Protein chains: 4
Amino acid sequence: MIHSFGSDNHSGVAPEIMEAISKANTGFSIAYGQDDFTLKAQEIFKKMFGKDSSVFFVFNGTGANILALKAMTNSHNSILCPETAHINVDECGAPEKLTGCKLIPLPQKDGKVTCDTVKKELKGFGFQHHSQPKVLSISQPTELGTLYTKEEISSLAQLMHSVDGYLHIDGSRISNASAALGMKIEEFTKDCGADALSFGGTKNGMMIGEAVLFFKKELAQNFMYIRKQAAQLYSKNRFIAAQFVAFLNNDLNIRLATHSNDMAKYLEKSLSGIKEVKITRPVQTNAVFAILPREIASRLNEKHYFYVWDEFSGEVRWMCSFNTTKKDIDLFVSDLKDIINSIDNL
Amino acid sequence: MIHSFGSDNHSGVAPEIMEAISKANTGFSIAYGQDDFTLKAQEIFKKMFGKDSSVFFVFNGTGANILALKAMTNSHNSILCPETAHINVDECGAPEKLTGCKLIPLPQKDGKVTCDTVKKELKGFGFQHHSQPKVLSISQPTELGTLYTKEEISSLAQLMHSVDGYLHIDGSRISNASAALGMKIEEFTKDCGADALSFGGTKNGMMIGEAVLFFKKELAQNFMYIRKQAAQLYSKNRFIAAQFVAFLNNDLNIRLATHSNDMAKYLEKSLSGIKEVKITRPVQTNAVFAILPREIASRLNEKHYFYVWDEFSGEVRWMCSFNTTKKDIDLFVSDLKDIINSIDNL
Amino acid sequence: MIHSFGSDNHSGVAPEIMEAISKANTGFSIAYGQDDFTLKAQEIFKKMFGKDSSVFFVFNGTGANILALKAMTNSHNSILCPETAHINVDECGAPEKLTGCKLIPLPQKDGKVTCDTVKKELKGFGFQHHSQPKVLSISQPTELGTLYTKEEISSLAQLMHSVDGYLHIDGSRISNASAALGMKIEEFTKDCGADALSFGGTKNGMMIGEAVLFFKKELAQNFMYIRKQAAQLYSKNRFIAAQFVAFLNNDLNIRLATHSNDMAKYLEKSLSGIKEVKITRPVQTNAVFAILPREIASRLNEKHYFYVWDEFSGEVRWMCSFNTTKKDIDLFVSDLKDIINSIDNL
Amino acid sequence: MIHSFGSDNHSGVAPEIMEAISKANTGFSIAYGQDDFTLKAQEIFKKMFGKDSSVFFVFNGTGANILALKAMTNSHNSILCPETAHINVDECGAPEKLTGCKLIPLPQKDGKVTCDTVKKELKGFGFQHHSQPKVLSISQPTELGTLYTKEEISSLAQLMHSVDGYLHIDGSRISNASAALGMKIEEFTKDCGADALSFGGTKNGMMIGEAVLFFKKELAQNFMYIRKQAAQLYSKNRFIAAQFVAFLNNDLNIRLATHSNDMAKYLEKSLSGIKEVKITRPVQTNAVFAILPREIASRLNEKHYFYVWDEFSGEVRWMCSFNTTKKDIDLFVSDLKDIINSIDNL
């Protein structure tokens, strides 16, 4: 298959990661996370996030998010999130099923919520008819490719703490945020008061696996049981752990993410002269959102893989990956221009 | 780490499988199971189990079992299984949590149940206070390493069908059963009337991934949603599918399983002269269960990794793997003999 | 306690109902719904709703709604409802917990949704990441006291059926709708294509109990198990059934509801000259919603029991009951006027 | 219907209770448990069980048990109970569905478990694959009509506390236990270290309602939300509370229970000379269990309502109620003797 702009999980596995997997195949080792690779990976995460942090490995992003949320709630709680949140629109109800909680979708702009918006739903405390608000889950970067500033995250964390609640960050593309912000991941998560982080890698060159990080000991207490009961405990966990060791070694994750971010910027720039294409969201990480005439989009889609994001407005999403090349983008833009020309010539 | 008799998931990944993973890293491909590797793997399974079969890939054995059970039940049903079943004792309540069903543990012998035992719990139909029996879940081979005959499976399937119920087979080591029985997997599962099969590979040289097979169309109907909602849908599924393609190619799975079965037989034989060791279960696949004096077991455990299976009786379990060697076993038995001698000499 | 405008469940029990309860205390009778009173009540409902209808008794409105929804869904489905729906805002997440489904809150006007609004969320069918839309739940009358017309209900039912879905009606005040519309309940529910109805009485003079009605046999199939598993099966069910027999006898339910509706109209009229009070919703059943200066509302609340409906706008709700009298209303309005005057005089 | 030995919930409502219900119908009062009757009932319970106790009203016994268990567990816990426990055999899986926990059925004698039996399942702590044991639930009296001594309850409570667990008592017939033991309820529950009690009344002359009592503050903390989310919050709760006020006033509950216990003793005595009838369980409260020839049982069942308890052994259960009379029993025994004679004469 040629390059896909469909998703950054359409890309394969970075060579360094594949090599790490191969090298982890060293005969026998204890299962379920008591192997040396897992210990090593845990150590690296602890170094990043401090000794009060806890790290657990799971299979995928859905798993990381919903298990983290389960650890932070009772079923009578509600979970607040932007209406665009992946946990709200793309998990087939996984959070509700596992946690039993109500999700409260919040109005957003470019995938981001503000303290004012959140405050409106921080109500009904002590009122038995009302799901008790407990967690705000935001995505960094958002599903629209945008970023919260450090200050915004701090404010949201403070707000949630003020009502004895938690802030969870869905970081399926957290390295892209780090690369774009020029900040270490811990700086705009734990240091801002976030309580839990789903730390992803599969969208950035890893093969499989996600890490769940807690920054409060109380949240980690029962997590190993939650993980097992939710079928997210991996027997040969060394093969996930070894990936994270390689991923976090010498900032591989940041280098890969920087590249995909750069490619999105390059795509944005390459599109800048084309009046038929309107970029709809700030291009801050590795996603470009745009509106273009449906016929053009449709023809382009025959040649290049990507998704229509919003059927009503016709907005499309173009994702760049760690292995997207300028050539891929040049071809894409050139094909786009050809289509526009051919239509104009009619 | 030296050889472990702790579990067949302590072993690593077979070279053919690791190569297949590497080779699947061919750049871009669509996510969530619409790639060519997944299509190929599905085709192979369909060829084995017939065109009315359905196959779905998930992350692990817990996932395969509980998702299959969810597809076969409503929450007011009960799930019958031997009291020794993995789903009953080693899943931290995962089946109950996902399905909402009651598990009914049945008396067993060497991990196997009989029609007579099952019949005693096939009761209360139409009585609203009673969880309605719907599925019998058996393991082939069992957790005690033993095997059901084709006839036994047929009878159990017939019995369940006679009450409008289903037979599910937990086949986390299904290839070992096939190798031991000298029968194709389909012969003693689908052809015997089983309705669903959790088809495992991780304990037999695969790195990750399990397949859920349904032999009735009705059971597959909603499975893709069940899988997504239970967080068992893998984005880069080609890396699981490619393993299964290699695993099922030229009977690699059977060759690997035959070896581990043979090693268990070799271990059994090597132990035969040692009066301190009593083999407690028929050695039919790749597990050897034994009782030996606790002090001996304890000293042996300092040198070789294995688990005490039953704290009360002191029964231990020694698992052989696809990469266990005769040398590993010779060393183990020799160490065992040394310990016995040193104790006798006291 | 003097008259309360807080809720129609602040009122007590109608004398006819209390008498029926007393009379049902005739010594021994079989438990769990196999008594003569239950059979009689079922017969009456069947007469109303036709022979393909099924009726089940439960304890309360929450129970009726969530059990009905459970019977209509799998956990991977979504349930659509107006954002103002009781099941969305006042059940502490009960629907999510029991069904495992996602609730999709819809924009509404005066508590009502339109086909256009619903259509926007009837999407993602066959897309495994998306909760599959299955049920639309509306309230008749709505939580804002307004009514759907027969035609509106028919259209909504048709729309849901066109996507293989269902229409559920939360009828906790269904008799008030009937009284207001001048139509039999079956005419604007079952005859319009509704598939399930929560038929309430406690807000209209009954002591306890609610009926769940299904108009498709398939929906009733497993309901007795669902009810038992959800702890809504009553041992001495004759005492709920006897109430329904009395309630539906000679249109007692309609007479009681007509009175409370009339009282709301009377209240509306009595308020008409008062410029400080703005009625905010069409008064179509037994609720009056209004906005008045917060200080006035607050002082009035010291004398009369009622709730602030919306803390942000200051909108209040005044409910009339089967035993509200004109005198109660006169006193209320007179107190209100006194407060206004005393403030004006400052 | 003539007297039923089927269950003590086949009986009606004691006159004092019915009167209390009627008298509670005093016009308006706030809903959801903030009325004067509820406050009064809570006060009475607090007086009995001390100021650290908490009391909540729910609809029925299933509700009381499963909500109490939900308050005491996380879904990764297991709940231990005698295999004969109502929560294990007669709730259609309600505990599993609400709590997500695994139930561990324990071997029992006459419905009772011992510390030794419980200890065998207090294992796997800290082992992530194993449901973590948290609650032991016993019934007092048991489902077989037998009683735990104060000492036995203390030992079981101590045992559970020693593993940081809880003891729950299903007291659906708790007043019968009190009457039989000649002890106040608090003496053999809270004072023995029990942590929660489902306090029933419906089987002893009440119409509806059950109380959940917690003797540790931590357990009560979230209960009002658990109750609401589980659809067990009653709007017009005064009608349950008023019953409890009457029930606990001047030991009405004990008087009613004493009578039904006495009737069981009288039945036992009346049967004593009949060699065809073998009493199978100690008659300690209001139940008589017996084995008699199936043909006799079957004929007797045509005249008198009762249930076969165990289809395999043919054991039957005869329950006595607060309104069972000696005449009812005399007739029953006389009919039994007639049947025996008529068969002997063949």
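How many residues of domain 1 of chain A are in contact with how many residues of domain 2 of chain A? The points below answer this and then turn to the interfaces between chains.

1. Basis of the note. The structure is a predicted model, in which local features need pLDDT of at least 70 and side-chain atom pairs count only at pLDDT 80 or more, while totals for chains, interfaces and linings use all residues. Residues are numbered from 1 along each chain as its sequence is written, chains are lettered from A and ligands numbered from 1 in the order in which they are written, and side-chain values use heavy atoms, with hydrogens and water left out.

2. Domains of chain A. Chain A is assigned domain 1 (14-250) and domain 2 (252-344); such bounds come from an automatic or database domain assignment. The C-alpha centres of domain 1 and domain 2 of chain A are 28 Å apart. In answer to the opening question, 26 residues of domain 1 of chain A are in contact with 21 residues of domain 2 of chain A, where contact means heavy atoms within 4.5 Å.

3. Area between the domains. Domain 1 and domain 2 of chain A bury about 1900 Å² between them, and 54% of this lies on carbon and sulfur atoms. Buried area is the accessible area (1.4 Å probe) that two parts lose on being put together, summed over both. On the side of domain 1 of chain A, the residues that lose the most area to domain 2 of chain A are A:L144, A:N176 and A:N204, which together account for 25% of what that side buries.

4. One salt bridge is found across the interface of domain 1 of chain A and domain 2 of chain A; the term denotes a side-chain nitrogen of Lys or Arg within 4 Å of a carboxyl oxygen of Asp or Glu. A:R281 forms a salt bridge with A:D110, with the closest N and O atoms 3.0 Å apart. Between the two domains of chain A there are 13 residue pairs in polar contact (both at pLDDT 80 or more). A polar contact is a pair of N or O atoms within 3.5 Å; within protein, one must be able to donate a hydrogen and the other to accept it, and residues adjacent in sequence count only if both atoms are side-chain atoms.

5. Make-up of the domain 1 side. At least two residues each of the side of domain 1 of chain A that touches domain 2 of chain A come from α1, α8 (174-181) and α11 of chain A. Of the elements, α8(A) gives the most to this side, with six residues. Helices (H or I, at least four residues) and strands (E, at least two) are DSSP runs, numbered from the N terminus. By class, this side of domain 1 of chain A has 13 nonpolar, nine polar and four charged residues. Here Ala, Val, Leu, Ile, Met, Phe, Trp, Tyr, Cys and Pro count as nonpolar, Asp, Glu, Lys and Arg as charged, and the others, Gly among them, as polar.

6. Chains A and B. Between chain A and chain B, 53 residues of chain A are in contact with 53 residues of chain B. The two chains bury about 4500 Å² between them, 59% of it on carbon and sulfur atoms. There are two salt bridges between chain A and chain B. A:E91 forms a salt bridge with B:K228, the closest N and O atoms being 3.5 Å apart. The number of residue pairs in polar contact between chain A and chain B is 37 (both at pLDDT 80 or more).

7. Make-up of the chain A side. Two or more residues each of the side of chain A that touches chain B are given by α1 (15-23), α3 (61-72), α5 (94-99), α10 (223-229) and α11 (238-248) of chain A. With four residues, α3(A) gives the most to this side. Its residues divide by class into 24 nonpolar, 22 polar and seven charged.

8. Relation of chains A and B. Chain A is superposed on chain B by a rotation of 180° with 0.0 Å of shift along its axis (RMSD 0.0 Å); copies are superposed by least squares on the C-alpha atoms of residues with pLDDT of at least 70 in both. Because 100% of the interface residues of chain A are also interface residues in chain B, the copies meet through the same surface.

9. Chains D and C. In this pair, 53 residues of chain D are in contact with 53 residues of chain C. Chain D and chain C bury about 4500 Å² between them, 59% of it on carbon and sulfur atoms. Two salt bridges are found across their interface, and D:K228 and C:E91 meet through their side chains in a salt bridge (3.5 Å, N to O).
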